[in-house]
Amino acid sequence: MTKTPRIALIVSHGQPSTPAPAEINLAWTAARVSDHLPGWDIRSATLACPGAIERAMQDGAIVFPFFMAQGWFTGKVLPKRLDGYNYHTTTPFGMLEGLPTTAAQLLQDQLAAHPDAPRQVHLAAHGSARGPKAYDATERFATRLRAELPDVEIKTGYIEQTPYVHETAKALSPDALCLPFFAQSGEHVRDDIPEALRSAGFHGQLLSSLGTCDHAAALIAQEIRKTTT
């Protein structure tokens with residue numbers, strides 16, 4: 001008898017103006033997660049793509065919020081879209097227990113490859129005008145990251161609230177690293193952060209968003225697996 005695969009649905013915000021690219025990128029993430037979860041049916045959908053969540057969702061699924069905080073979208077919008085389904089929700093990506101350690105290793109590798117560069121990191125995050133949860137999640141992550149990297153200066157800056165990226169980046173060396181505290185590489189990562197860094201005179205290395213790093217898929221798979229136990 002063929003065993004019915006367990007189902008997990010990875011959900012992100014997506015891009016309302018052009019939903020297709022974010023859907024494709026999220027499907028790529030789901031495929032990478034699937035490599036770590038043999039026997040599972042790993043699906044993906046963005047809030048921004050009309051009907052995508054409803055088409056992918058199924059009773060009994062594990063829902064993984066590919067968000068950086070437990071904020072408006074994970075606390076209000078997503079539950080409303082999933083009303084009527086039976087499911088379990090995991091911790092959002094940005095609040096996973098192992099994420100600071102993963103980020104620390106990524107940064108250590110980058111710093112080791114450029115030993116003459118200053119040991120400075122700018123953590124560029126979204127922030128929110130809706131409430132403090134996005135800010136609190138970022139600052140909590142930054143505190144844990146500083147504990148992992150005690151000899152590295154780590155500053156936080158935001159796109160949608162103070163302190164803004166274009167302000168905080170001025171205080172760092174032009175050769176520092178900038179790590180986007182984002183799940184995907186949408187317009188904020190592609191356009192807004194580079195523009196803010198240029199405005200600050202920052203010419204250091206802009207890394208890929210944290211959610212696209214090599215170990216992100218393994219962390220997501222671990223959280224999904226843990227939620228079933």
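User: Where does glutamine 205 lie?
Analyst: In this predicted model, glutamine 205 lies in strand 8, which covers residues 205-206.

User: Is glutamine 205 buried or exposed, or something in between?
Analyst: Glutamine 205 is partly exposed, with a relative accessible area of 31%.

User: What is glutamine 205 in contact with, apart from its sequence neighbours?
Analyst: Leaving aside residues within four places in sequence, glutamine 205 is in contact with Gln110, His114, Ala176, Leu177 and Cys178.

User: And how far apart are glutamine 205 and methionine 68?
Analyst: In sequence, 137 residues separate them, and in space their C-alpha atoms are 22 Å apart.

User: Let us turn to another glutamine. Where is glutamine 15, and why is it called buried?
Analyst: Glutamine 15 lies in the loop between strand 1 and helix 1. It is called buried because its relative accessible area is 18%, and the cut-off is under 20%.

User: Which residues does glutamine 15 touch?
Analyst: Not counting residues up to four places away in sequence, glutamine 15 touches Ala22, Ala48, Gly186 and Glu187.

User: How many bridges join strand 1 to strand 2?
Analyst: There are 7 bridges between strand 1 and strand 2, which run parallel. Within this part of the sheet, leucine 9 stands opposite arginine 43 in strand 2.

User: What about helix 8: which of its residues are buried?
Analyst: Ala216, Ala217, Leu219, Ile220, Ala221, Glu223 and Ile224 are buried in helix 8. Among the elements that cover them are strand 1 (6-12), helix 1 (19-34), strand 2 (40-46), strand 3 (61-65) and helix 4 (99-113).

User: What span should helix 8 have?
Analyst: Helix 8 (residues 216-227) has 12 residues, so at 1.5 Å a residue it should span 16 Å. Its end C-alpha atoms are 17 Å apart, which agrees.

User: And helix 5, what does it reach from end to end?
Analyst: Helix 5 has 16 residues and reaches 23 Å from its first C-alpha to its last, close to the 22 Å expected. Its buried residues are Ala137, Thr138, Glu139, Phe141, Ala142 and Leu145. These pack against helix 4, strand 5 (120-125) and strand 6.

User: Next, the largest pocket. How many residues line it?
Analyst: The lining has 40 residues, and His13, Phe67, Phe73, His126 and Phe182 lie nearest the centre of the pocket. About 1100 Å³ of space lies in this pocket.

User: Which helix gives the largest share of that lining?
Analyst: Helix 3 does, with 5 residues. Helix 1, helix 3 (72-81), helix 5 (133-148) and helix 7 (187-199) each supply at least two residues of the lining.

User: One last topic: which residues does the cis peptide bond join?
Analyst: A cis peptide bond joins threonine 162 and proline 163, with omega about -5°. For background, most peptide bonds are trans. Proline 163 lies in the loop between strand 6 (153-158) and helix 6 (165-168).

Note on methods. Residues are numbered from 1 along each chain as its sequence is written. This is a predicted model: local features need pLDDT of at least 70, side-chain atom pairs count only at pLDDT 80 or more; totals for chains, interfaces and linings use all residues. Side-chain values use heavy atoms; hydrogens and water are left out. Helices (H or I, at least four residues) and strands (E, at least two) are DSSP runs, numbered from the N terminus. The expected span of a helix is 1.5 Å times one less than its number of residues. Buried means under 20% relative accessible area, exposed over 50%, partly exposed in between (1.4 Å probe, protein chains only). Contact means heavy atoms within 4.5 Å. Two strands pair if DSSP finds at least two bridges between them. On a 1 Å grid over the protein atoms alone, a cavity is a set of points where a 1.4 Å probe fits but cannot get out, and a pocket is an open set with protein on both sides within 12 Å along at least five of seven lines; lining residues have an atom within 4 Å of a point. Grid points are joined across faces, edges and corners, and a volume is the space filled by probe spheres set on the points.
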